[in-house]
Amino acid sequence: MFGHRIKIDDELFDNIKKCVALAGYSSTGEFVTHVLEREVQRLLGSSGQGPESEEELRKRLQGLGYIE
Amino acid sequence: MIPRPTSRCRVNLLWRLAAGFLSLLAFGVVLLACGRSAGVQRKLIVLGLDGMDPELLGRYMDEGKLPNFARLAQQGGFRRLGTSIPPQSPVAWSNLITGLNPGEHGIFDFIHRDPKTLLPYLSTSRVEPPKRALRLGPWVLPLSPGRVTLLRERKAFWEILDGHRVPAVILRMPANFPPVESESRTLAGMGTPDMLGTYGTFAFYTDVPPAGAERISGGRVYPVRVAEFRVAAQLVGPYNTFRRGEPPATVDFAVWLDPTEAVAKLAVQEQEFVLREGEWSDWVVVEFTLIPHLETVSGICKFYLKQVRPVFQLYVSPINIDPARPALPLSTPEAYVRELQEKTGYFYTQGMAEDTRALSAGLLTDAEYVTQARMVWEEQRRLFLLELGRLQGGFLFGYFSGLDQNSHMFWRAFDERHPAYTPQTAAGFARLLEGQYREMDELLGEVMARLDADTTLLVLSDHGFAPYYRSFNLNTWLLERGYAALRLDRPRPADFLANVDWSRTRAYGLGLNGLYLNRRGRERDGIVPPGAEAEALLEEIAQELLAVRDPATQRPVITRVDRAAQVYSGPHLADAPDLLIGYNRGYRAGWGTVLGGFPGVVLEDNREVWSGDHCIDFNLVPGVLLSNRTIRADAPTLLDIAPTILAEFGIEKPPGMPGQSLFAPRPGR
């Protein structure tokens, strides 16, 4: 329910709060999660998060009769 | 992650807010359609018969088995229709749709790859999840909509017809999901996913799962327990993106087995029905709850009671998007698919509906598959005849998938040279394809009976067909020739180019006909510098590929290799495979190599039931073209179809469209 805690210095946290207000996020948590998700996706590739999403990719492709 | 709950959410919201306006809207659409057709008396009908082969068509015509095709050929002509490079359906139909080459429309194969991740994806559409979401305990509420995007670019010919107020109906056109915005009535076809976001995932429930069940492709086997003549199981639906972790939404169902008879009663939500062993259900509507009391999504599926005892076996079709409550856009206008459902009943909405994967897995027999494919054909026929009956003026396109899918699956039934040929299969199904050509002939007869002086008819296919005897594993060949390298510290990869040592790999294969260089500046870890070195490498590989001989037959495995830069032009040229490999008749890219695997041998027999194919040298698998008007072109290609359609309505083709009308101009134009 409460997930993990990450330490952020005060100055960055203040800026995050400004971004939350500017961009219309409902909370700092939502903003931070969104930014991190975007970065994780960029680093791990457009398909998502590694082996699990490769399995999803495989499922999506498998209905195509031309492949196994 | 299909369907996007956000889309559903928005659709529902619109429903709620605009319910009172819907009938007015529908009335307006009818008025508009009438208004648009009132000024257009000329009619053009195109029958798109995927995979109809000119050799087989000619043979059956010569044998007097296809009287309507023979009559049509006599009226206007019968030509081989030049197909696309490569001759794959999404590419071929995109050429037809746009009148342009793949460098313009951007579709080069069933499967493309992202050069930065080197992961494959289906080429014609992309699903993007919502970018923002609110998380509340186990619930995740999307704050921005997800998107499904058609990746085929450039104008479809019916968009040009729209601009000239020519009414058009486009039924199940491939490579048009989600359907491009249009004033025409269009229904999406090949490329449309099922409710799981796949090209079709069947389910199979049994108390004795077959060996290797976990490796079955295109379907899932669910072990169940028969207890006191009852089976309790779940239909597994779309991922519930409203819930944290996105678990699949499910629907419980129960089966009561008759203690003595081969009969069972099934109960799914509020619906109960009885099936005998060997019987198919009608379409069953299932509602998946995403947020209790607030949000549901609807799908349809068919149940087939394969066996009651001694082993319980129940097949359930892929869960299709419900045409009555579509979770994703299936048509233009959006209400059109609902209208079709109301008028003709439920129908498969997934792009390729014949369940070839269940047959390949051995979970449906040949006869069971034929029954299922026949249901698909009947639905497609019903939709087409509805629109044929109300065609007053303008354009009508109808697509039929059965010849293509059954040619893939039953080539082994009449070709004794095929490794999967058996006398038993031949005894039951050697004439299956011929029978289907005859059914097409009957449909053609119905169409021809309605032709008048103002109506032009075109019958065409996107490609022909060939046997698929032997597999060529391109990546394994590249590995053996030193063009690719694997990391020695890891096991041989099964697919997705895993464990490739990119620092020593200059070329790799992906898709059914594509070879890519590992180019510096394009691929994530590219090493081949652009310019002269890349050009020399392409030439070297092309020559070596053309020299490959099958040790079993001494035949060339590859008869043609095209350089993308020489056969394509346009803004997407840089996305194309560098080489397009044209396999000889009888050969195809191996099963393991298509998704970037490295099977153990370069050449091997194809013993699969998927025994015919067309992803080869495009010169060897032309399509067919027939018309009731005299075809003046000696060597027509798919690129001539869009200009022909436009010319029939007096519309000049746009600049850059290279094809020509098949017909002489009408007098007075």
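Which residue in strand 21 of chain B does F204(B) stand opposite?

Reply: The model is a predicted one, and the description below should be read with that in mind. In it, F204(B) stands opposite Y315(B), a residue of strand 21 of chain B. The two strands concerned are strand 11 of chain B, residues 202–206, and strand 21 of chain B, residues 313–316, which run antiparallel and are joined by four bridges.

This pair belongs to an open sheet of five strands in chain B, whose order is 12-11-21-20-17 and whose pairing is mixed. At the edges of that sheet stand strand 12 (219–223) and strand 17 (279–280) of chain B, and because each has a single partner strand, one side of each is left without a neighbour in the sheet.

A second open sheet of chain B has four strands in the order 13-14-15-16, and here the pairing is antiparallel. Its edges are formed by strand 13 (230–239) and strand 16 (271–276) of chain B, each of which has a single partner strand, so that one side of each is left without a neighbour in the sheet.

Chain B has domain 1 (5–130 + 143–197 + 322–465 + 621–638), domain 2 (202–320) and domain 3 (469–606). The centres of domain 1 and domain 3 of chain B, taken over C-alpha atoms, are separated by 31 Å. Where these two domains touch, the contact takes 22 residues from domain 1 of chain B and 27 residues from domain 3 of chain B. On the side of domain 1 of chain B that touches domain 3 of chain B, helix 5 (102–105) and strand 3 (111–113) of chain B each supply at least two residues, and the largest share, three residues, comes from helix 5 of chain B. By class, that side of domain 1 of chain B has 11 nonpolar, six polar and five charged residues.

Strand 6 of chain B (residues 133–136) and strand 7 of chain B (residues 139–142) pair in the antiparallel sense over four bridges, and the bridge partner of A133(B) in strand 7 of chain B is P142(B). Two residues lie between the strands of this hairpin, in which G137(B) takes a positive phi near 55°.

Helix 10 of chain B (residues 402–410) packs with helix 12 of chain B at an angle of about 175°, with the axes 10 Å apart, which makes helix 10 of chain B roughly antiparallel to helix 12 of chain B. The residues that meet are G402(B), L403(B), N406(B), S407(B) and F410(B) in helix 10 of chain B, and L432(B), L433(B), Q436(B) and M440(B) in helix 12 of chain B. This contact has five nonpolar residues, four polar residues and no charged residues.

Taken as a whole, chain B has 16 helices and 34 strands, and its C-alpha atoms fill a box of roughly 75 × 65 × 55 Å along the principal axes. A compact globule of 669 residues would have a radius of gyration near 26 Å, and the 25 Å of chain B agrees with this.

Finally, chain B has a contact with chain A, which takes 19 residues from chain A and 26 residues from chain B. Helix 2 (28–44) and helix 3 (51–62) of chain A each supply at least two residues of the side of chain A that touches chain B, and helix 3 of chain A gives the largest share of that side, six residues.

Key: Residues numbered from 1 in each chain as written. Chains lettered and ligands numbered in written order. Predicted model: local features only at pLDDT ≥ 70, side-chain atom pairs only at ≥ 80, totals over all residues. Contact = placed C-beta atoms within 7 Å. Domains from an automatic or database assignment. Nonpolar A, V, L, I, M, F, W, Y, C, P; charged D, E, K, R; others polar. Pairing = 2+ DSSP bridges. Rg over C-alpha atoms; globule rule 2.2 N^0.38 Å. Axes fitted to C-alpha atoms, helices over the stretch in contact; angles between N-to-C directions. Parallel < 35°, antiparallel > 145°, perpendicular 65-115°, else oblique.
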